[in-house]
Amino acid sequence: MSRITYNADSLKIMFLFEKTTRIRLKDFFVDDNNLTSFVVAKEDLGKAIGKNASNVKKLESLLKKKVRMIGFTESEVEFTKNLVHPLKVQVEFKEGVITLKSDDTKTKAFLIGRNQSNIKNNLTIIRKYFKHVQDLKVN
């Protein structure tokens, strides 16, 4: 298993998050869409976001970047739902492939993104925690 290494700037951001929210951080990364993402335990997600999203707003103003909080679970299906939240999708996992189903064409378009950027980005994030996932599809 590969080790994750953080530079000094990442450690500062992680410390700032833990100091602001008083929540233990599982992981932190900046994704391909230049969105700062914090991964916390699902049971701590509400406290991390704060009342009326106060912690999110405070972190966005301090970092001058968009911030996203993701609730981590051991299940691929639940983690994927948390990853694409607030979009309403049905998630299925079979033979290493995660399938996202939605009836709304706007939701599908948002999941895929221009030149499949969103779907590739989400697959990269999912593979970071679940090595056995091979592909991500939208139906």
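1. Two strands count as paired if DSSP finds at least two bridges between them. Strands (E, at least two residues) and helices (H or I, at least four residues) are DSSP runs, numbered from the N terminus.

2. A word on the source. This is a predicted model, in which local features need pLDDT of at least 70 and side-chain atom pairs count only at pLDDT 80 or more, while totals for chains, interfaces and linings use all residues. Residues are numbered from 1 along each chain as its sequence is written, and side-chain values use heavy atoms, with hydrogens and water left out.

3. How many bridges join β4 to strand β5? Five bridges join them, and β4 and β5 (residues 97-101) run antiparallel. Glu92 stands opposite Thr99 in β5. Contact here means heavy atoms within 4.5 Å. Axes are lines fitted to C-alpha atoms, for helices over the stretch in contact, and angles run from 0 to 180 degrees between N-to-C directions.

4. Look at the loops on either side of β4. Pro86 is found in the loop between α4 and β4. A cis peptide bond joins His85 and Pro86, with omega about 20°. Glu95 sits in the loop between β4 and β5. Glu95 has a positive phi of about 50°, although it is not a glycine. Its relative accessible area is 77%, so Glu95 is exposed. The cut-offs are under 20% relative accessible area for buried, over 50% for exposed, and partly exposed in between (1.4 Å probe, protein chains only). For background, most residues other than glycine have a negative phi, and most peptide bonds are trans.

5. The other open sheet has three strands in the order β1-β2-β3, again with mixed pairing. Here β1 and β3 stand at the edges, each with a single partner strand, so one side of each lacks a neighbour in the sheet. The twist averages 20° from one strand to the next. Four bridges join β1 to β2, and these two run antiparallel. Val30 stands opposite Thr36 in β2. The hairpin of β1 and β2 has five residues between the strands, and Asn34 there takes a positive phi near 60°. Helix α6 (residues 117-129) lies across β1, β2 and β3, running at about 155° to β1.

6. Helix α1 (residues 8-21) has 14 residues. From its first C-alpha to its last it reaches 20 Å, close to the 20 Å expected at 1.5 Å a residue. That expected span is 1.5 Å times one less than the number of residues. Which residues of α1 are buried? They are Ser10, Ile13, Met14, Phe17, Thr20 and Thr21. Seen down the axis of α1, they fall within an arc of 135°, so they line one face of the helix. The arc is that of the directions from the helix axis to the C-beta atoms. On the other side of α1, Lys12, Phe15 and Lys19 are exposed.

7. What do the buried residues of α1 pack against? Their partners are β1 (27-30), β2 (36-41), α2 (45-49), α3 (54-63) and β3 (67-72). Just after α1, Arg22 takes a positive phi of about 60°.

8. In α3, the buried residues are Asn55, Val56, Leu59 and Leu63. Down the axis of α3 they fall within an arc of 100°, so they line one face of the helix. These buried residues pack against α1, β2, α2 and β3. Just after α3, Lys64 takes a positive phi of about 55°.

9. Ala53 is found in the loop between α2 and α3. Ala53 has a positive phi of about 60°, although it is not a glycine. Ala53 is partly exposed, with a relative accessible area of 25%.
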